Amino acid sequence: MLPAILKNVHRIHDFCIEIFEKSPLTFLLKGPWFANMEMLLTVDPPNVHHIMSKNFDNYAKGPKFNEIFDVLGDGIFNADFELWKYHRRMAQSFLAHPRFHWFLVKRVWEKAENGLVTILEHACKQGLVVDFQDLFERFTFDTICTLVMGQDFGSLSIDMPRIPFSKALDDVEAVFFHRHVIPMRIWKFMRWLGVGKEKKHEQARKVLDEFIYKCVAQKREEMEQKLSNKHNEDQKEDSESDDLLTLYMMNQDKNTNIGIDSESDKFFRDTILSFFIAGQDTTSSTLSWFFYLLSKNPQVESKIRQELSSVLTCNSLYNFDQLSDELVYLHGSLCETLRSYPPVVFETKSPVKPDILPSGHKVNPNTQIIFNLYATGRMKSIWGDNRHEFCPERWISEKGKIKHEPSYKFLAFNAGLRTCLGKDMAFTQMKMVAAVIIQNYHIQAVEGHPVVPDISIIFRMKHGFKAKVLPAISTSNPMTRVRYGFELGFQHLPNHASGLPLDTLK
Ligand code: HEM
């Protein structure tokens with residue numbers, strides 16, 4: 001089957017859908033004998049449930065995955081079993097803590113107000129065309145750097161600077177897709193020769209390492225200085241530096257017994273690099289497709305604007321809890337975007353011991369099982385006849401609440417025990433960005449600009465999303481320009497989390 005794959009590699013996503021539609025939602029892909037390539041591709045919900053939840057202990061990321069993503073070291077994405085449990089427990093306690101939520105909302109709001117709105121207002125007044133994918137990538141890069149390391153590089157500013165660290169992240173990610181489709185022996189040979197994407201990958205890895213190790217050393221120094229300064233105010237009240245690296249450094253578990261030194265620079269390097277890879281392009285890709293879909297579905301945009309106006313009357317939109325519970329239609333629209341355009345296109349697992357899947361397929365430790373997230377969201381047997389429509393209503397119950405879909409059917413955030421830990425964080429960011437933009441502007445796609453997916457592990461647009469920024473018009477009075485958000489500002493955020501001591505984190 002390798003020749004067919006290579007022939008269709010430029011349209012691999014749609015090619016997979018065609019095969020799944022003709023097969024019982026699972027098929028075996030075998031390469032030539034020398035390629036050691038045996039992959040079972042599935043979108044079958046019972047199979048996903050079996051592997052991700054019911055028989056979880058028998059399935060690991062496996063050695064092939066570890067080799068493809070070797071740059072991530074011993075971080076959470078590459079980890080299995082005890083090491084994974086350790087990472088998961090740590091990451092969960094920090095990401096779910098109210099102090100981090102408060103820090104998140106504050107920082108994202110500042111970036112939206114000072115970065116995003118400044119550029120959009122400029123583009124709106126000058127009638128400029130903006131590449132929204134580039135805009136959102138800069139936005140999420142700046143916010144993830146602030147949230148993870150406490151540093152804002154200002155890549156989202158009028159002169160749009162190219163930050164070497166951001167370019168290195170892109171170059172590192174660029175090989176992941178090719179390493180999945182090209183036989184391992186071949187890409188390893190290319191790496192050995194130091195050619196093509198593999199060469200760029202190695203160069204980028206050096207840039208990342210140098211940069212992250214420098215940040216870790218800097219942070220350690222800052223923290224030591226603070227601790228040694230007797231006159232300094234109490235650390236526990238210092239909610240200005242609740243970034244993840246600080247939280248990790250202050251709360252390390254010294255007795256891990258899992259073969260890693262949880263206080264070493266290598267541990268921090270692997271951990272924060274995983275957060276960068278997890279949190280940046282996933283959120284920016286979803287926002288790009290979301291605004292692209294809104295430009296094609298103006299009735300959805302109007303409904304979201306109406307919902308925002310009604311919620312805003314209580315003057316507290318940028319509160320973490322309200323962002324989670326209210327804005328049901330906006331939430332449904334984002335879920336619908338994630339169903340059709342999941343940023344992570346596929347995931348893999350391998351069995352530790354031979355097993356038989358609910359579909360009847362036998363798998364053994366050599367089999368790489370691939371879940372195709374893109375195809376899962378587009379299967380008729382899973383989502384019905386209107387699977388190709390953009391329909392936020394499918395996510396809303398009769399009582400007007402968000403309808404829960406099981407994760408083995410809605411796979412965008414992964415399923416079962418390894419469900420994405422940044423889901424709430426991502427929704428918070430995306431809702432804030434959506435609210436600020438939709439209330440103030442209407443995004444009009446440039447006609448004729450091709451919006452097509454790139455061939456990559458992250459579902460990006462190959463040529464970006466080019467659009468004009470027009471002022472939003474009030475739904476109640478078409479003559480009025482709507483201008484919300486700016487005046488609300490940060491002072492309306494409740495300071496509810498700032499007093500919580502850090503030792504409540506675990
Ligand atoms: C729309 C945005 C996002 C989507 C669609 C998404 C999707 C996913 C998916 C599919 C996985 C499974 C990957 C794998 O196991 O190979 C995952 C895992 C994970 N995500 Fe996200 N993610 C998003 C945003 C974030 C953010 C903002 C963070 C926080 C920085 C984050 C943190 C994580 C972590 C820590 C894991 C590993 C969980 C584990 O292995 O136990 N994600 N995410």
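Author: What follows covers packed helices, an aromatic pair and an iron site. This is a predicted model, where local features need pLDDT of at least 70, side-chain atom pairs count only at pLDDT 80 or more, and totals for chains, interfaces and linings use all residues. Residues are numbered from 1 along each chain as its sequence is written, and side-chain values use heavy atoms, with hydrogens and water left out.

Reader: At what angle do helix 7 and helix 12 pack?

Author: Helices here are DSSP runs (H or I, at least four residues; strands are E, at least two), numbered from the N terminus. Axes are lines fitted to C-alpha atoms, for helices over the stretch in contact, and angles run from 0 to 180 degrees between N-to-C directions. Helix 7 (residues 132-149) and helix 12 (residues 265-279) sit at about 150°, their axes 10 Å apart. That makes helix 7 roughly antiparallel to helix 12 (under 35 degrees is roughly parallel, over 145 roughly antiparallel, 65 to 115 roughly perpendicular, the rest oblique).

Reader: Which residues make that contact?

Author: Contact means heavy atoms within 4.5 Å. Helix 7 brings I144, C145, V148 and M149, and helix 12 brings I272, F275, F276 and G279. They divide into seven nonpolar, one polar and no charged (Ala, Val, Leu, Ile, Met, Phe, Trp, Tyr, Cys and Pro count as nonpolar, Asp, Glu, Lys and Arg as charged, the others, Gly among them, as polar).

Reader: How do helix 13 and helix 16 pack?

Author: Helix 13 (residues 281-296) and helix 16 (residues 328-340) pack at about 105°, with axes 9 Å apart. That makes helix 13 roughly perpendicular to helix 16. T286, W289, F290 and L293 of helix 13 meet L330, S333, L334, T337 and L338 of helix 16. This contact has six nonpolar, three polar and no charged residues.

Reader: How many aromatic pairs are there?

Author: Rings of Phe, Tyr and Trp (its six-membered ring) pair if their centres lie within 6.5 Å; planes under 30 degrees apart are stacked, over 60 edge-to-face, the rest tilted. The count comes to 31 aromatic pairs. Among them, F153 and F211 are tilted, at 5.4 Å centre to centre and 50° between the planes. F153 lies in the loop between helix 7 and helix 8 (164-181) and F211 in helix 10 (residues 196-228), so the pair ties together parts 58 residues apart in sequence.

Reader: Which protein donor does the iron atom have?

Author: Donors are N, O and S atoms within 2.8 Å of the metal (3.2 Å for Na, K and Ca); water is not among the atoms, so sites may look incomplete. The ligand's iron atom has a single donor from the protein, C420 (SG), 2.3 Å away. C420 lies in the loop between helix 18 (380-383) and helix 19 (423-440).
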